[in-house]
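The sequence and the structure are shown below.

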Amino acid sequence: MKLEKSLIYLRLSLLCAILVLPTDLILSQQRFSAGLVGGFNASQVDGDELAGFDKVGLHAGIITTMDLESSLNVHLEFLYSQRGSRPDVFQPEYDPDIEIGVDYIELPVYVSIGDWWQEEGEYFKASFHGGFSYGRLLSSKVTDNYNSAEFSLEGYQEYFNENDFSWLLGINFRMSQHWGVTARYTRGITPLLDPAKHNLNTSRLESYWMTIRFEYYFK
């Protein structure tokens, strides 16, 4: 059921991306291209008494691009994204024994501005991008051996927000016509846990993460 809803949001996101474009750009000649992406997220959660981007998770999926007759391109992605938080990787004994794992279907929509045009292969060597993303929670797992049973985060897992909205900024570097690498920062707009909404006696949890990934373009 969650996957079916995510596919509906994928179609809606593509429609919204097209509607917000200027009319003259829509009517001009475009090329659509696609590719595969794969890498990892390094994430953390504000409010869980932990610090550092220590939770590493999979980031993989597909990317589609509307190539306009300018340096601007519009992108839509369909991703599987793992995020959360955990104690320090190298010195876990100094952090509270708490771990949060959340898995999402993620649908980023964003605009990129390219530079350093390559005539051979017809692509921009470097580009910067910014936009927004919608995520749908697929599953979550919380382990809390630090707090007492009354305040354990495990007891609040059922209140995790199933819908995640966030903003993103990133940079892409194309190594060739078919291969590229992207570095991105994403921060949640909606919280993972909003205690005020559910009248809970705990901290507000907010997610943010950095992504490093490789990309393969079919064209």
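The residues that line the largest pocket divide into eight nonpolar, 15 polar and eight charged. In this predicted model, the pocket has a volume of about 510 Å³. Its lining consists of 31 residues, and those nearest the centre of the pocket are Thr65, Asp67, Asn73, Arg174 and Lys219. Seven strands are listed as giving two or more residues to this lining: β1 (31-46), β2 (55-67), β3 (72-85), β4 (98-118), β5 (123-144), β6 (163-174) and β8 (206-217).

A search of the whole structure finds one cavity of 30 Å³ or more. The lining of the largest cavity is formed by Tyr104, Asn161, Asn163, Asp164, Thr190, Pro191, Leu192 and Ser207. By class, three of these lining residues are nonpolar, four are polar and one is charged.

The table sets out the volumes of the two spaces.

| Space | Volume |
|---|---|
| Largest pocket | about 510 Å³ |
| Largest cavity | about 30 Å³ |

The packed regions follow. In soluble globular proteins, nonpolar side chains tend to be buried together. The largest nonpolar core of this model has 15 residues, and the members with the most contacts inside it are Ile100, Val102, Leu153, Phe160, Leu192, Leu193 and Leu205. Strands β4 and β5 each supply at least two residues of this core, and β4 gives the most, with four residues. A second, separate core has five residues, among them Ile63, Leu79, Tyr110 and Leu168.

Is glutamate 77 buried or exposed? Glutamate 77 lies in strand β3, and it counts as buried because its relative accessibility is 1%, where buried means under 20%. Its side chain takes part in polar contacts with two others: one of 2.4 Å with the side chain of tyrosine 110, and one of 3.1 Å with the side chain of arginine 184. Tyr110 is also included in the second core.

Notes
Residues numbered from 1 in each chain as written. Predicted model: local features only at pLDDT ≥ 70, side-chain atom pairs only at ≥ 80, totals over all residues. Heavy atoms only, no water. 1 Å grid on protein atoms, 1.4 Å probe; cavity = no way out; pocket = protein on both sides within 12 Å on 5 of 7 lines; lining within 4 Å. Points joined across faces, edges and corners; volume = space filled by probe spheres on them. Nonpolar A, V, L, I, M, F, W, Y, C, P; charged D, E, K, R; others polar. Core = buried A, V, L, I, M, F, W, Y, C linked by side-chain atoms within 4.5 Å. Buried < 20%, exposed > 50% of the residue type's maximum accessible area, 1.4 Å probe, protein only. Polar contact = N/O pair within 3.5 Å; in protein donor to acceptor, adjacent residues only side chain to side chain.
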